[in-house]
Amino acid sequence: MRSRSPLPAPPSTPRRLWNAYAGYMVGFASLFLIWHLASRYVVSSVLFPPPALVFAKAVTLVRTGVLLEHLWASIQRILAGFIAGSLLGIPIGLAMGSFRPVRKLLEPYTEFLRFIPSVAMITVAVIWFGIGEASKIFLIIYTTIFIVIINTAAGVSAIAPNKIRAAQALGATRAQIFFHVALPATVPYILTGMRLAMANSFTTIVAAELIAANEGLGKMLWDGRMFMLVDDIFVSLVTLGLLGFVVDRMFRWSIYTFAGKYSPAT
Amino acid sequence: MALVAFRDVQKTYRSLQGVDDLAVEHFDVEIEPEEFFCLVGPSGCGKTTVLKMLAGFEAPTAGQILMAGRPVTGPSRDRGVVFQGDDSLYGWLTAVENVEFGLRMRGVARAERRERALRYLELVGLRGQESKYPAELSGGMKQRIQIARALVNEPTMLLMDEPFAALDAQTRSLMQAELATIWRTTRTTVLFITHDIDEAVTLGTRIGVMRAGPRSQLKGVIEVALNGARSRTDDVFLTYYKQVYEMIRDEVAKSLARTA
């Protein structure tokens, strides 16, 4: 038996926080510093505002409620489409990974449609569903579903045959093997697919809102261009970056917390 | 009546070129209850194929496999399986949850199955490690989980496919000693696949030697009349070792000549 060697005493809390976040903080600080220097001394044009100006504008836009309104509109669309797309994609992917006939039947759809970018589908989406919520949610579902399907199906195919055989020899039925072996073994792949889909959703929602929307971060960008509100454009860009960063961190954190043990290796 | 009977069993695999390869042909053997039957042979001789057919994972192309007089039609919990690698363990379940798996599938109540699983973890020397995940355990401990997971189901028979082949030498001989003890305690019939003559003589009550593949079959069976602890330095042990070795030597040479 291996005995555990005594571990060094854990570092104190501030030290640990510093170790965990110092890299990020310095990284972000340098980003804003370079932006500031570039805008102030290299470009020095009203078309490239320095960070301080953009933050001041952001504070104003938050106070008037405009920014949060746009932000909330985009988040709602992403969440609705992303959740619906995942809920549809996971069972389809599981079925495709489990049953060869289903795979043969549905592969033409996934292999054909996934090469038509969601951005290209904006045109039809607007014609079919108008410029309201329905067209945006349709597009996010479209951009989410194929990645989730493909990753889920790949996860099912990647299950070690001995995991299934062991369950059979332990007396599990087909349904039990599906729910107690195949499904949990596929969780890491499903989550990876969802994380990739989330990144796609950002691209798609901005593109869709640029073309046809009454509010949202994309619409804010478009208005900024129309009325030459360069500061507004930058506020929207920074918000998108931060939102994406936060959402992705949350995803990584939840994968780590809830599914860290669902390691595909063992 | 024999517990297991292979009657003229044949297994063909279709190769990628579409040609049928005969892995095993005219394979006959009978295994008695409470026996520890070791099957040895050069690599590629179809030892694992024989185990997979008895487990019910693969069907023979011809011939018949009987278990307690009835033909084997598929996997069943009367034949517990211990695999060579650790990829059969469920990485999202703790050690004790892995062991409980079979009982849980059968609907045994939570408290009872936990108690039984812990008893078998104790038997394989894993008490205290029950709430660890497989990824946190060493290779030897993972094989112990597999053994406990199979035994807790109380199978008529245990099928072991080179279960210690991936372990280091020290861990392997420790595990062999523990398996011998477990077998003496539970008296479960065992079919043990190995390519290691030393291991076969250490554990088996009978040793079946297979011919080199393809078209492999049983070359002969040696009864091992060693009782109690078996020491590698005993003269009797060496006598059996030599007997198996001489039987297998030509087969290994043939197998090397074919693959070279």
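Predicted model: local features only at pLDDT ≥ 70, side-chain atom pairs only at ≥ 80, totals over all residues.
Next, move to chain B and select B:A68, which is found in the loop between β4 (62-67) and β5 (70-71). This residue, likewise other than glycine, has a positive phi, near 50°. With 14 other C-beta atoms within 10 Å, B:A68 counts as partly exposed.

Remain in chain B for a pair of helices. Two packed helices are described by the angle between their axes and the distance between the axes. Select helix α2 (residues 95-105) and helix α4 (residues 139-151) of chain B; their axes come within 7 Å and cross at roughly 30°. Angles under 35 degrees count as roughly parallel, and α2(B) and α4(B) are therefore roughly parallel to each other. The crossing in which α2(B) passes α4(B) is right-handed.

Finally, show the side chains where the two helices meet. Which residues make the contact?

- From α2(B): B:A95, B:N98, B:V99, B:F101 and B:G102.
- From α4(B): B:I145, B:A148 and B:R149.

Coloured by residue class, the contact of α2(B) with α4(B) comprises 5 nonpolar residues, 2 polar and 1 charged.

Notes: Residues numbered from 1 in each chain as written. Chains lettered and ligands numbered in written order. Axes fitted to C-alpha atoms, helices over the stretch in contact; angles between N-to-C directions. Helix = DSSP H or I, 4+ residues; strand = E, 2+ residues; numbered from the N terminus. Parallel < 35°, antiparallel > 145°, perpendicular 65-115°, else oblique. Left-handed = near helix turned anticlockwise from the far one by under 90°. Contact = placed C-beta atoms within 7 Å. Nonpolar A, V, L, I, M, F, W, Y, C, P; charged D, E, K, R; others polar. Buried ≥ 20, exposed ≤ 12 C-beta atoms within 10 Å, placed from the backbone.
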